[in-house]
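Have the model open while you read.

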Amino acid sequence: MISIKSLIRIAAIADKEWLQIRRDSRSLILSLALPVFLILLFGFALTVDVKNVKLAVFDQDKSTTSRRFIEEFAHTEYLKIIYYADNYRDIDRTIDAGNAALALIIPRNFENMIKYGKKIDVQLIADGSDSTTAAVAIGYIKAIIANYNTDMKVNELKRAGLSSFGLPLDIRNRIFYNSELRSKNFIIPGLIVLILAIISALIASLTVSKEWERGTMETLMTTPIRSWELMAGKLIPYLFIGLFDVVVTASVGHFVFDVPIKGNFIEFYLFALLFLIGTTGQGILISAATKVQVVSVQFAMVITFLPTFILSGFIFPIQNMPLVIQGFTHIIPARYLIVIIKGIALKGIGLSILWTQVIFLFAFAALILFAGIKKLKLQLDN
């Protein structure tokens with residue numbers, strides 16, 4: 001049971017911390033305004049959609065059939081014909097300069113070979129320096145050519161007298177949770193977690209090291225305050241700031257980028273609070289360990305930004321990583337909150353399905369708080 005004296009000491013530390021936050025306008029702007037700026041900036045800038053891939057065409061046949069074939073690539077949002085080359089040197093220069101990512105070369109006698117039913121080799125050159133775009137764009141080209149081949153065979157059978165026939169297979173797509181396959185619905189939840197992780201750890205990483213640099217830590221050592229009370233008092237103001245950032249970033253994601261929230265927002269808010277306890281406590285632990293503000297900020301950035309961006313599943317799928325790295329991702333709290341946000345926002349599920357993610361977040365927060373209290377205890381004992 002927490003005593004009244006403990007509550008008074010916690011409230012005094014929290015009030016003192018909040019006063020310092022209000023006096024430091026830079027930290028206040030960083031914690032309140034920066035999340036909005038970051039989610040707007042990266043929300044508009046980041047996309048995994050591959051559209052308007054620039055295509056160069058070298059038509060060596062220049063026939064009616066070859067022109068109709070080229071038109072198949074002109075009526076899609078995924079490809080954009082930007083250049084018609086006259087020779088291979090033009091193709092090389094266009095790709096080398098980065099003006100086109102793909103080049104389609106149609107051979108001579110294209111029309112005659114189509115007419116007599118001969119096999120035709122259409123060459124496709126891709127710029128592999130951007131392997132992701134190249135792979136996706138090649139898939140677009142192959143799909144268009146496959147449709148063209150199907151139409152040619154259908155017309156050929158009709159000319160042979162088969163007026164009624166059907167293809168043996170037909171694909172009926174049904175996409176759950178993100179029917180339009182909007183990349184924003186994938187990116188924005190990850191951005192929210194990334195921003196919360198960085199901001200919460202970054203601003204909290206200054207709190208104890210600031211006490212050491214100002215010489216007020218020695219004053220705290222002379223008071224009857226306990227380490228867990230100091231930890232709680234330091235934690236509370238930053239949790240309120242973090243919860244404000246949760247509302248702001250989620251609102252921007254929903255109202256600006258049209259990311260749906262199908263589940264219970266209260267559940268999301270509580271799970272985000274659990275995440276913030278862990279990341280904010282991590283910042284306080286870093287601050288207590290380093291005792292220097294510059295070093296604290298550097299450590300906080302390295303420990304939160306890089307693992308969250310690379311190892312949380314935000315951009316890079318965890319299942320594609322080596323097994324050793326996959327095991328390491330289990331200690332990254334952002335991994336679990338990303339699953340939780342996507343589950344609540346896109347799928348409308350809750351604690352009954354996401355309970356394993358919540359347990360991992362709880363374990364991370366408890367471990368960080370225990371380590372932070374132990375570190376502060378050693379300093380207060382000194």
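**Notes on pockets, cavities and one crossover**

1. Helix α7 makes the biggest contribution to the lining of the largest pocket, giving 8 residues. Helices here (H or I, at least four residues) and strands (E, at least two) are DSSP runs, numbered from the N terminus. Bear in mind that this is a predicted model, where local features need pLDDT of at least 70, side-chain atom pairs count only at pLDDT 80 or more, and totals for chains, interfaces and linings use all residues. Residues are numbered from 1 along each chain as its sequence is written, and side-chain values use heavy atoms, with hydrogens and water left out.

2. Staying with the largest pocket: about 570 Å³ of space lies in it. Its lining has 19 residues, and I114, K118, I120, N149 and M152 are the ones nearest the centre. Two or more lining residues come from each of α6 (110-115) and α7 (131-159). On the terms: with a 1 Å grid over the protein atoms alone, a pocket is an open set of points with protein on both sides within 12 Å along at least five of seven lines, a cavity is a set where a 1.4 Å probe fits but cannot get out, and lining residues have an atom within 4 Å of a point. Grid points are joined across faces, edges and corners, and a volume is the space filled by probe spheres set on the points.

3. What is the lining of the largest pocket like by class? It has 9 nonpolar, 3 polar and 7 charged residues. The classes put Ala, Val, Leu, Ile, Met, Phe, Trp, Tyr, Cys and Pro under nonpolar, Asp, Glu, Lys and Arg under charged, and the others, Gly among them, under polar.

4. The second largest pocket holds about 360 Å³ of space. Of the 20 residues lining this pocket, Q282, I331, I332, P333 and F364 lie nearest its centre. The elements giving two or more residues to this lining are α12, α13 (293-311), α15 and α16 (351-381), and α16 gives the most, with 5.

5. The largest cavity has a volume of about 130 Å³. It is lined by 15 residues, with I192, A250, I261, I341 and A345 nearest its centre. Helices α8 (184-204), α11 (227-255), α12 (265-290) and α15 (333-347) each give two or more residues to that lining; α11 has the largest share, 4 residues. The lining comprises 12 nonpolar, 3 polar and no charged residues.

6. Which residues line the second largest cavity? They are I21, S27, L28, S31, I203, L206, K210, Y238 and I241, around a volume of about 80 Å³. Both α2 (25-32) and α11 supply at least two of the lining residues, with α2 giving the most, 3 residues. By class, that makes 6 nonpolar, 2 polar and 1 charged.

7. Last, the strands. β1 (residues 53-59) and β2 (residues 79-84) pair in the parallel sense over 5 bridges (pairing needs at least two DSSP bridges between the strands). The chain gets from β1 to β2 through helix α4 (residues 64-71), and this β-α-β crossover is right-handed, meaning that with the strands pointing away from the viewer the path from the first strand over the helix to the second runs clockwise. For a landmark in the pair, look at A56, which stands opposite Y83 in β2.
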